[in-house]
Amino acid sequence: MSISMANPGDSLTIIRISGSEKIKAHLQNLGFIEGEPVLIINKISENIIVKIKGVFLAITYDLARKILV
């Protein structure tokens, strides 16, 4: 499933990043790497707030759908 389907409080591990090479590179630069744990903090409007590598990030649902856990 993708991060966009997860619920606040879920602690998950990234399995795969899908999408174009440009999107994959962008997400990897933000810290979304296969095997990395990610915590879903909240869902607000069109964004999902996550905690990854000790950093809180807001990503859009479009990007979240590319991150498979």
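Trainee: Which residues of the largest nonpolar core touch the most other members?
Mentor: Of its 19 residues, these are Ile 3, Ile 14, Phe 32, Val 38, Ile 48, Val 50 and Ile 67. A nonpolar core is a set of buried Ala, Val, Leu, Ile, Met, Phe, Trp, Tyr and Cys residues joined through side-chain atoms within 4.5 Å; buried means under 20% relative accessible area, exposed over 50% and partly exposed in between, with a 1.4 Å probe and protein chains only.
Trainee: What should I know about the model itself?
Mentor: The model is predicted, so local features need pLDDT of at least 70 and side-chain atom pairs pLDDT 80 or more, whereas totals for chains, interfaces and linings use all residues. Residues are numbered from 1 along each chain as its sequence is written, and side-chain values use heavy atoms, without hydrogens and water.
Trainee: Changing topic, how many salt bridges are there?
Mentor: The whole structure has two, a salt bridge being a side-chain nitrogen of Lys or Arg within 4 Å of a carboxyl oxygen of Asp or Glu. Glu 21 and Lys 24 form one, at 3.8 Å from N to O. Arg 65 pairs with Asp 62, with the closest N and O atoms 2.3 Å apart.
Trainee: Is Glu 21 buried or exposed?
Mentor: Glu 21 is exposed, at 61% relative accessible area, while Lys 24 is partly exposed at 24%.
Trainee: And how accessible is Arg 65?
Mentor: Arg 65 is partly exposed, with 43% relative accessibility.
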